[in-house]
Amino acid sequence: VQLQASGGGLAQAGGSLSLSCAVSRRSVATIDIMRWYRQAPGKQRELVAVRDDEGGTTYKGSVEGRFTISADYAKNTVYLQMNNLEPEDTAVYYCNAHLWESGQWNNYWGQGTLVTVSS
């Protein structure tokens, strides 16, 4: 599984950005769990949003109602729509595929895309 994240950039507080995670070598529909993480400068990586293979979603509390994780099976891509951005959302965002294969759970990571939110 290969993941390619894109869509980061500079936004003002209150603005929006949409991140994409293009998946190759595996259909998104067959991946057990897709996740978006983020890592702010000087902080640990944290889980932001989760989507399971039945379409169920969960979010970090501080982004609930502002961020939406979704998937387009035709494009084999997972998205993170981020609205009403806050300076605290500034971080490098990573997409992650978590799947059961060969008798174990495996994780695959995209390269990260930088989101900067100015106040």
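Colleague: How many aromatic pairs does the structure hold?

Modeller: A pair of aromatic rings is described by the distance of the centres and the angle of the planes. Rings of Phe, Tyr and Trp (its six-membered ring) pair if their centres lie within 6.5 Å; planes under 30 degrees apart count as stacked, over 60 as edge-to-face and the rest as tilted. The structure holds two such pairs. Y37 and W109 form a tilted one, at 5.0 Å centre to centre with 55° between the planes. Because Y37 lies in strand β4 (residues 33-39) and W109 in strand β10 (residues 104-109), this pair ties together parts that are 72 residues apart in sequence. W100 and W105 form an edge-to-face pair, at 5.5 Å centre to centre with 70° between the planes.

The model is predicted: local features need pLDDT of at least 70 and side-chain atom pairs count only at pLDDT 80 or more, while totals for chains, interfaces and linings use all residues. Residues are numbered from 1 along each chain as its sequence is written, and side-chain values use heavy atoms, with hydrogens and water left out.

Colleague: Is Y37 buried or exposed?

Modeller: Buried means under 20% relative accessible area, exposed over 50%, and partly exposed in between (1.4 Å probe, protein chains only). Y37 has 15% relative accessibility and therefore counts as buried, whereas W109, at 38%, counts as partly exposed. In the other pair, W100 is partly exposed at 45%, and W105 is partly exposed at 44%.

Colleague: Over which ring does the charged end of R45 sit at 3.8 Å from the centre?

Modeller: A charge sits over a ring if NZ of Lys or CZ of Arg is within 6 Å of the ring centre and within 35 degrees of the ring normal. The ring in question is that of Y94. The charged end of R45 also sits over the ring of W109, 4.7 Å from its centre.

Colleague: In what order do the four strands of the open sheet run?

Modeller: Strands of a sheet pair through backbone hydrogen bonds, either parallel or antiparallel. Strands are DSSP runs (E, at least two residues), numbered from the N terminus, and two strands pair if DSSP finds at least two bridges between them. Here the order is β1-β3-β8-β7, with antiparallel pairing. The edge strands, β1 (2-6) and β7 (67-72), each pair on one side only. Five bridges join β1 to β3 (residues 17-24), and S6 has S20 in β3 as its bridge partner.
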